[in-house]
Each structure stands twice: as structure tokens, then as C-alpha cells.
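Colleague: Could you take me through one part of this model at close range? I'd like to hear about a single residue and the sheet around it.

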Amino acid sequence: MKIVRRIGASPRERGSATGQTCPDIFELSDGDFAVIGTDRTEALDGTLPADAARAAYERIVVISRETLIRAKVDIPEA
């Protein structure tokens, strides 16, 4: 599995001072997506809706609204 491309604007394009450490979204060679975000599992785990759950190896990761909105144009329809 490898990173194929960034989805959306780079951190620098979104105004990161260093352009290096900010939320990011990547498309992977197997068609899945990888997300760099802030781990908020402890804060949000107890607030998941009744029909949602996460496995012990999964984390709840938060990215900024701007990161996702600016990625929308690059997200495939299917």
C-alpha cells in the first residue's frame, strides 16, 4: 500500500506557517484513504451514536472543516 496523491489543498495552501504539520487526506494505492488528524478518541468515544462503534485498533481522528471542504473537489464520485 502506498500514498498515490493528496486529496485537497496542502497544509501550506491552507495557511500552515510551516506547511508541514497539519491535517491532511491522502488517496492510497488500494483505493482507500488515509487521514492525518488529531486523535480525539477519548473525548468522542462515549458520544458516538448508538448505531456506530469502533474496534480497539481504530481511532477517532478530527480534521478541520476547511481541510475536508477543500478536499471535496478531489474526492471521486465512485
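Modeller: Let's start with Asp 24: setting aside neighbours within four places in sequence, its contacts (heavy atoms within 4.5 Å) are Arg 6, Ala 9, Pro 11, Arg 14, Ala 34, Val 35, Ile 36 and Thr 67. A word on the basis: this is a predicted model, where local features need pLDDT of at least 70 and side-chain atom pairs count only at pLDDT 80 or more, while totals for chains, interfaces and linings use all residues. Residues are numbered from 1 along each chain as its sequence is written, and side-chain values use heavy atoms, leaving out hydrogens and water.

Asp 24 counts as buried (under 20% relative accessible area, with a 1.4 Å probe and protein chains only) because its relative accessibility is 4%. Its side chain makes a polar contact of 2.9 Å with that of Arg 6; such a contact is a pair of N or O atoms within 3.5 Å, one able to donate a hydrogen and the other to accept it, and residues adjacent in sequence count only if both atoms are side-chain atoms.

Now the sheet. Asp 24 sits in strand S2, strands being DSSP E runs of at least two residues, numbered from the N terminus. The open sheet has three strands in the order S1-S2-S3, paired antiparallel; pairing takes at least two DSSP bridges. Its edge strands are S1 (3-6) and S3 (33-36). Three bridges link S1 with S2 (residues 24-28), and four join S2 to S3. Phe 26 is the bridge partner of Arg 6, and Ala 34 in S3 is the bridge partner of Phe 26.

Notes. Buried means under 20% relative accessible area, exposed over 50%, partly exposed in between (1.4 Å probe, protein chains only).
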